[in-house]
Amino acid sequence: MPLQLLIATVNSRHFQRDYTPPFDNHLIINQTKTNTPPTQPTTFNYPEKGLSKSRNRALQHATADLCLLSDDDIHYAESAQRIVIDAFNANPSADIITFQTQTPDGALFNKRYPTRHRRHTRRTIMRVTSYEIAFRTASIRAAGLRFDERFGLGADFPTGEENIFLLDALRHGLKLYYVPAPIAVHPACSSGSDFHNPELIAAKGAMFHRMFGAAAWLVSLAFACKKYRLSPVGCRRFYALMCRGIAAHRKSQ
């Protein structure tokens with residue numbers, strides 16, 4: 001069962017690093033303003049920006065039975081390709097499987113990973129990072145799933161595109177699983193948890209409104225009470241920023 005790594009990069013950064021991911025098949029979406037010719041047949045250049053746009057281009061061009069999302073700063077365990085393929089072989093009903101990330105020193109990433117294989121729910125998808133997501137290409141296309149291009153780095157709301165994508169998959173009846181196996185390597189930090197950035201805090205509110213509708217006001221209040229200590233602002237200001245994001249998303253609909 002062939003697997004394709006779908007790499008999102010900007011201004012050819014992927015080609016400037018001294019690292020080749022241990023996968024047999026790569027597809028690269030390079031967002032660039034220059035007319036850079038492809039460096040290989042599986043590279044596609046687009047004069048646009050936005051991570052979700054890049055992911056959707058990758059979905060458009062993917063050719064393998066299985067795909068794994070990736071960015072241009074991710075490293076992998078040498079056994080990552082085999083782990084992903086084996087997981088789908090062991091779970092023939094799975095449409096999407098998510099995995100774990102390690103830090104460079106070998107510790108698991110800084111979030112609470114379950115220790116056992118399990119089905120995903122609306123709650124558990126909130127802890128998934130995009131480069132931990134693998135899927136059956138045919139399932140995604142049959143459901144007509146796409147990333148919401150208003151969300152993700154480089155978009156109006158710079159966070160949450162992977163969580164929205166997974167929730168949309170659940171709503172379309174796809175089967176999502178988690179397998180407790182580390183495949184990716186990344187430093188223990190994430191752009192999605194930089195709560196010193198007011199724009200990101202507001203974007204979290206917009207994300208919750210996209211996912212949960214009117215319940216976003218309560219979800220955002222709970223989130224603000226839990227996360228405001230990670231920011232330089234108080235809980236009231238944190239929540240106000242999230243409400244601003246909710247209002248902005250309502251206006252964009």
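This is a predicted model: local features need pLDDT of at least 70, side-chain atom pairs count only at pLDDT 80 or more; totals for chains, interfaces and linings use all residues.

Trainee: Okay, and which side chain does Asp-86 meet in a salt bridge?
Mentor: That's Arg-82, with 3.0 Å from N to O. Both sit in helix H2, residues 80–90, and since they are four residues apart, about one helical turn separates them. Arg-82 is partly exposed too, at 47% relative accessible area.

Trainee: How many salt bridges does the structure hold?
Mentor: Nine. One of them pairs Asp-168 with Arg-210, at 2.8 Å from N to O. That pair links distant parts of the chain, with Asp-168 in helix H4 and Arg-210 in helix H5, 42 residues apart.

Trainee: Is Asp-168 buried or exposed?
Mentor: Buried, with a relative accessible area of 12%. Asp-168 also belongs to a network, in which salt bridges with shared partners join it to Asp-148, Arg-150 and Arg-210.

Trainee: Switching topic: how do the axes of H4 and H5 cross?
Mentor: They cross at roughly 5 degrees and come within 10 Å. Angles under 35 degrees count as roughly parallel, so H4 and H5 are roughly parallel to each other.

Trainee: Which residues make that contact?
Mentor: From H4 they include Ile-164, Leu-167 and Asp-168, and from H5 they include Met-207, Arg-210 and Phe-212. By class, the contact has five nonpolar, one polar and three charged residues.

Methods:
Residues are numbered from 1 along each chain as its sequence is written. Side-chain values use heavy atoms; hydrogens and water are left out. Axes are lines fitted to C-alpha atoms, for helices over the stretch in contact, and angles run from 0 to 180 degrees between N-to-C directions. Helices (H or I, at least four residues) and strands (E, at least two) are DSSP runs, numbered from the N terminus. Angles under 35 degrees count as roughly parallel, over 145 as roughly antiparallel, 65 to 115 as roughly perpendicular and the rest as oblique. Contact means heavy atoms within 4.5 Å. Ala, Val, Leu, Ile, Met, Phe, Trp, Tyr, Cys and Pro count as nonpolar, Asp, Glu, Lys and Arg as charged, and the others, Gly among them, as polar. A salt bridge is a side-chain nitrogen of Lys or Arg within 4 Å of a carboxyl oxygen of Asp or Glu. Buried means under 20% relative accessible area, exposed over 50%, partly exposed in between (1.4 Å probe, protein chains only).
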